[in-house]
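Subject: The structure I promised you

Hi,

Here is the structure we talked about, with the sequence alongside. Have a look at it first, then read on for my notes.

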Amino acid sequence: MDKNGSSYGESSSDDVEAPLLLPAARSGTMAKGDRRRPASAAAAAWVRALLAHKYPAIAAGPAACAAVCAAVDLGDGHGEARNMLGVLAWVFLWWVTGAVPLAVASMAPLFLFPALGISSSDDVARAYMGDVISLVLGSFILALAVDHHRIHRRLALNVLSLFCGDPVRPSLLLLGVTGTTALVSMWIHNTACTVMMMPVATGILQRFPRGDIDDGGGQEVRRFSKAVVLGVVYASAIGGMATLTGTGVNIILVGMWSSYFPEQKPITFSSWMSFGLPMAIILFLALWLTLCLMYCSNNTAKALSAYLDRSHLRRELSLLGPMAFAEKMVLAVFGGLVVLWMTRNITDNIPGWGVLFHNKVGDGTVTIMMATLLFIIPSGKREGEKLMDWNKCKKIQWSIILLLGAGFAIADGFKTSGLTDILSNGLRFLKGAPTLVIVPVACVFSGIMTEFTSDDSTTTLVLPLFAELAKSIEVHPALLMVSGAIGAQLSYLLPTGSPSNVVGFSTGYITIKDLVATGLPLKIVAIAALTVLLPTLGSTIFGMDIKS
């Protein structure tokens with residue numbers, strides 16, 4: 001992984017020119033006392049060569065897998081689950097260490113799953129091209145269209161001129177970017193929000209130098225750039241938590257709640273917002289404070305002032321003039337896609353347009369359809385020119401798509417190997433436990449699983465387990481199911497956690513280490529807030545009996 005955060009460029013062997021073989025030491029007239037020095041120098045060179053080619057990190061993956069498969073015993077008949085843990089250790093180490101390019105590490109399940117008997121080659125390959133993958137692919141094409149026609153520049157100038165401050169106030173600018181993202185994410189799907197707001201964020205960051213700068217100001221600019229991208233990624237997830245329409249997780253929760261527990265008080269749009277909005281506000285404040293403390297210092301304002309000036313920004317905005325036809329059409333396509341996303345499935349009582357197609361159409365379907373329009377609609381600039389052409393699509397981050405596919409493959413591996421059932425059985429100790437134990441344990445369980453697959457996949461996998469577990473240990477289902485749904489939305493540590501993380505990671509401004517360093521405090525705050533709010537505020541909203 002390079003220092004700009006991009007981990008999907010050239011292969012490792014192209015990045016570092018390190019010799020695999022060293023020339024033999026010259027013999028002859030060398031003094032007897034000096035012969036140890038060339039030997040030690042040769043050994044040191046061998047070590048440097050091994051480290052340069054990342055061979056220790058490369059070997060760590062299969063070594064960890066072998067260690068898990070040899071040492072872990074999950075009981076009779078659970079060999080596949082043990083192998084799944086080994087694969088997880090291998091792939092995770094390669095992701096974190098950057099031993100091989102990100103795309104290569106993400107393709108590892110394609111040969112590890114069949115080799116270790118977890119699933120067939122056809123089954124694991126299908127995980128790499130599902131509806132969510134289509135959604136991300138179409139979103140990347142739309143983002144490229146926004147970038148090509150420089151729409152993000154116009155939006156970024158509007159946000160900058162409004163929140164920049166005079167003099168520049170980095171904390172206010174972060175509040176403006178993250179607050180706008182969270183507000184938008186309350187009403188549209190968080191993935192759609194990230195796709196819409198990330199070009200605005202990168203449009204802001206394009207005003208800053210991207211290359212290596214040795215002075216302190218350059219370091220401050222790079223840190224602030226990370227904060228802006230992370231702010232958009234996390235704010236879209238936090239805002240989506242507040243309403244039923246903000247994320248698919250909440251919709252899945254409502255559907256499974258009514259299916260498993262029809263006798264319980266139903267979860268409506270207003271009742272969920274009464275609980276989700278306070279959670280979102282607490283998390284948003286934690287996000288803003290975390291970004292300010294971790295990525296802003298006393299020198300940040302001075303470093304940014306060289307590139308940001310409110311009066312200059314407003315002049316630049318006026319110089320852009322009115323929007324061209326191509327810009328309007330790209331925004332129209334994007335706006336149409338957002339409407340289609342929001343109205344495909346509305347509620348159980350108000351069906352969306354998806355029923356016209358027997359609910360066989362997914363979000364990825366309409367994303368690819370609307371992206372296709374970009375290759376059909378003329379740009380109005382030159383004769384025969386369309387809004388997009390395939391040459392511009394060569395910039396698509398295919399390695400990120402492979403990364404997301406690996407996440408889905410791992411999720412399927414959890415299920416097919418039986419590892420999910422083992423983890424679920426391990427939670428039966430919660431019977432008779434107090435609420436202050438049940439809520440965080442359920443949230444942490446779901447929160448760990450969601451790091452390796454999408455939020456929706458985790459929710460679909462975990463909530464049925466929690467519904468049955470609630471019956472068997474005789475507790476109110478909201479304690480487990482709401483905790484599981486909130487935990488599934490806390491995919492803050494790895495790019496594979498959600499498409500929003502993938503979109504942010506694909507910008508190249510952030511690394512996995514940045515996600516972990518920023519996301520871990522947020523995850524802890526979320527678990528703590530849920531542990532307090534669910535037994536108190538949630539008892540009224542969901543009709544819980546605290547004694548249960």
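Predicted model: local features only at pLDDT ≥ 70, side-chain atom pairs only at ≥ 80, totals over all residues.

Below is what I found, from the whole chain down to single residues.

**The chain as a whole**

The protein chain has 548 residues, and 52% of them count as buried. If you take the contacts between residues with a separation of 6 or more, 79% of them join residues 24 or more positions apart.

**The core**

The largest nonpolar core holds 165 residues. Which residues have the most contacts inside it? They are Phe275, Leu480, Tyr492 and Phe542. As for helices, H12 (residues 216–241) gives the most to this core, with 13 residues.

Setting aside its neighbours within four places in sequence, Phe542 is in contact with Lys265, Ile267, Trp272, Phe275, His476, Ala478, Val482 and Leu534. Phe275 in that list is also one of the core residues with the most contacts.

**Two helix pairs to look at**

Packed helices are described by the angle between their axes and the distance between those axes, and I did that for two pairs.

Start with H3 (residues 55–71) and H4. Their axes come within 8 Å and cross at roughly 160°. An angle over 145 degrees counts as roughly antiparallel, so that is how H3 and H4 run relative to each other. The crossing of H3 past H4 is right-handed. On the H3 side, the residues that meet H4 are Ala57, Ile58, Ala60, Gly61, Pro62, Ala64, Cys65, Val68 and Cys69. Facing them from H4 are Arg82, Asn83, Leu85, Gly86, Val87, Ala89, Trp90, Leu93, Trp94 and Thr97. Sorted by class, this contact has 14 nonpolar, four polar and one charged residues.

Leu93 gives you a residue's view of that pair. It sits in H4 (residues 79–97) and counts as partly exposed because its relative accessibility is 27%. Beyond its neighbours within four places in sequence, Leu93 is in contact with Ala60, Gly61, Ala64 and Gly98. Leu93 and Ala64 are 29 residues apart along the chain, with 8.4 Å between their C-alpha atoms.

The other pair is H10 (residues 170–185) and H11 (residues 190–205), which pack at an angle of about 160° with their axes 9 Å apart. That angle makes H10 roughly antiparallel to H11. Here too the crossing is right-handed. Val177, Thr180, Thr181, Val184 and Ser185 from H10 meet Asn190, Cys193, Met196, Met197 and Ile204 from H11. By class, that contact comes to six nonpolar, four polar and no charged residues.

Is Val330 buried or exposed? It counts as buried because its relative accessibility is 1%. You will find Val330 in H17 (residues 325–343). Leaving out neighbours within four places in sequence, Val330 is in contact with Ala145, Val146, His149, Ile151, Leu374 and Leu387. Val330 and Ala143 are 187 residues apart in sequence, yet 9.9 Å apart in space, C-alpha to C-alpha.

Asp514 belongs to H25 (residues 512–541). With a relative accessible area of 11%, Asp514 is buried, since the cut-off for that is under 20%. Beyond its neighbours within four places in sequence, Asp514 is in contact with Lys226, Leu230, Tyr295 and Tyr509. Asp514 and Lys226 are 288 residues apart along the chain, with their C-alpha atoms separated by 7.9 Å.

**A loop with positive phi values**

Last stop: the loop between H17 and H18 (363–373), where you will find His358. His358 is not a glycine, but its phi is positive, near 60°. At 66% relative accessibility, His358 counts as exposed. Asn359 lies in the loop between H17 and H18 as well. Asn359 is not a glycine either, and its phi is positive at about 55°. Its relative accessibility is 49%, so Asn359 counts as partly exposed.

Cheers

Terms used
Residues numbered from 1 in each chain as written. Heavy atoms only, no water. Axes fitted to C-alpha atoms, helices over the stretch in contact; angles between N-to-C directions. Helix = DSSP H or I, 4+ residues; strand = E, 2+ residues; numbered from the N terminus. Parallel < 35°, antiparallel > 145°, perpendicular 65-115°, else oblique. Left-handed = near helix turned anticlockwise from the far one by under 90°. Contact = heavy atoms within 4.5 Å. Nonpolar A, V, L, I, M, F, W, Y, C, P; charged D, E, K, R; others polar. Core = buried A, V, L, I, M, F, W, Y, C linked by side-chain atoms within 4.5 Å. Buried < 20%, exposed > 50% of the residue type's maximum accessible area, 1.4 Å probe, protein only.
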